[in-house]
Amino acid sequence: MALLPILSYPDPRLRTIAQPVKEVNDDIKTLIKDMFETMYDAKGIGLAASQVDRHIQLIVMDLSDDKSGARVFINPKVTPLVEEKQPYEEGCLSVPEVYDEVERPNKVRIEALDGKGKPFVEEVEGLLAVCIQHEMDHLNGVIFVDYLSRLKQSRARDKVRKVLKQRDKHLEPVKA
């Protein structure tokens with residue numbers, strides 16, 4: 001398994017539309033394992049393949065506190081089951097340390113393949129409904145800050161640059 005680099009906003013590769021997975025083969029299964037390792041290392045709860053510069057319709061997610069709720073969604077389709085939207089504070093591994101409210105339907109139907117390529121359909125609500133919509137946006141080239149005002153988008157870009165600069169400082173080798 002390997003840690004994968006996560007693309008950071010406003011990287012234009014985050015705008016790439018993901019293509020369907022043709023076959024759930026060993027390469028896809030390895031990518032799934034690497035994505036889980038990357039997501040857990042980054043302390044996230046969801047990760048779309050687009051965020052690690054693989055532009056295929058693949059999402060990994062784990063909403064549990066103890067890494068026991070690993071979920072895989074391949075070629076997902078999400079259908080809202082309610083018209084009203086509810087605000088939910090969202091964050092994103094591609095937009096580090098930026099959080100803001102986004103309104104989304106609170107109940108959706110998910111149709112997808114699991115990590116073994118087996119189809120499933122599920123109706124979900126709450127955090128899982130919000131997360132799957134957030135990750136689906138990534139597959140469609142949309143980032144949660146796109147729902148925010150221009151001012152907040154600008155602030156998010158500035159904050160990400162600052163966070164990445166600080167990270168880079170910590171990674172620089174110490175000179176003797």
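**Entry 1**

I looked up L63 and found it partly exposed, because its relative accessibility is 30%; buried means under 20% relative accessible area, exposed over 50%, and partly exposed in between (1.4 Å probe, protein chains only). L63 sits in the loop between β2 and β3. Helices (H or I, at least four residues) and strands (E, at least two) are DSSP runs, numbered from the N terminus. I then found that L63 belongs to a nonpolar surface patch with I45, Y88 and L127, and together they have about 280 Å² of accessible area. Patches take residues with over 30% relative accessible area and no salt bridge, joining like charges within 9 Å and nonpolar side chains (Val, Leu, Ile, Met, Phe, Trp, Tyr) within 5 Å. Accessible areas follow the Shrake-Rupley method with a 1.4 Å probe, and for residues only the protein chains shown count as cover.

I noted the ground rules here: this is a predicted model, where local features need pLDDT of at least 70, side-chain atom pairs count only at pLDDT 80 or more, and totals for chains, interfaces and linings use all residues. Residues are numbered from 1 along each chain as its sequence is written, and side-chain values use heavy atoms, with hydrogens and water left out.

**Entry 2: the chain as a whole**

I listed three helices and seven strands. From the N terminus on, their order is α-β-β-β-β-β-β-β-α-α. The radius of gyration is 16 Å, which agrees with the value near 16 Å for a compact globule of 176 residues; the radius is taken over C-alpha atoms, and the globule rule is 2.2 Å times the number of residues to the power 0.38. Along the principal axes, the C-alpha trace spans about 55 × 40 × 30 Å. Of the 176 residues, 43% count as buried. The accessible surface comes to about 10300 Å², and carbon and sulfur atoms hold 49% of it.

**Entry 3: the cores**

Which residues touch the most other members of the largest nonpolar core? I found I32, M35, L58, V60 and I74, in a core of 17 residues. Such a core is a set of buried Ala, Val, Leu, Ile, Met, Phe, Trp, Tyr and Cys residues joined through side-chain atoms within 4.5 Å. At least two residues of this core come from each of α1 (26–41), β2 (58–61) and β3 (71–80). The most come from α1, which gives six. Apart from this core lies another, of 15 residues, including A18, A48, A129 and L139.

I also looked up the contacts of L58 (heavy atoms within 4.5 Å). Leaving out residues up to four places away in sequence, L58 touches L31, I32, M35, L47, A48, A49, V72, F73, I74 and L139.

**Entry 4: salt bridges**

I counted nine salt bridges, each a side-chain nitrogen of Lys or Arg within 4 Å of a carboxyl oxygen of Asp or Glu. R104 pairs with D137, with the closest N and O atoms 3.0 Å apart. R104 lies in strand β5 (residues 95–105) and D137 in helix α2, so the pair ties together parts that are 33 residues apart in sequence. R104 is buried at 4% relative accessible area, and D137 is buried at 11%.

R13 and D53 form another bridge, at 3.1 Å from N to O. R13 is in the segment before α1 and D53 in the loop between β1 and β2, 40 residues apart. D11, R13 and D53 are linked in a network of salt bridges. A further bridge joins D146 and R15 at 2.5 Å, N to O; D146 is in the loop between α2 and α3 (150–171), R15 is in the segment before α1, and they are 131 residues apart.

**Entry 5: Q133**

I placed Q133 in helix α2 (residues 127–139). Is Q133 buried or exposed? Q133 counts as buried, because its relative accessibility is 10%. Not counting residues up to four places away in sequence, Q133 touches V78, R104, P105 and V108.

**Entry 6: backbone notes**

Most residues other than glycine have a negative phi, and most peptide bonds are trans. I noted a cis peptide bond between Y9 and P10, with omega about 10°. K43 has a positive phi near 60° and is found in the loop between α1 and β1 (46–48). K43 is exposed at 74% relative accessible area. N75 also has a positive phi, about 50°, but lies in strand β3 and is buried at 15%.
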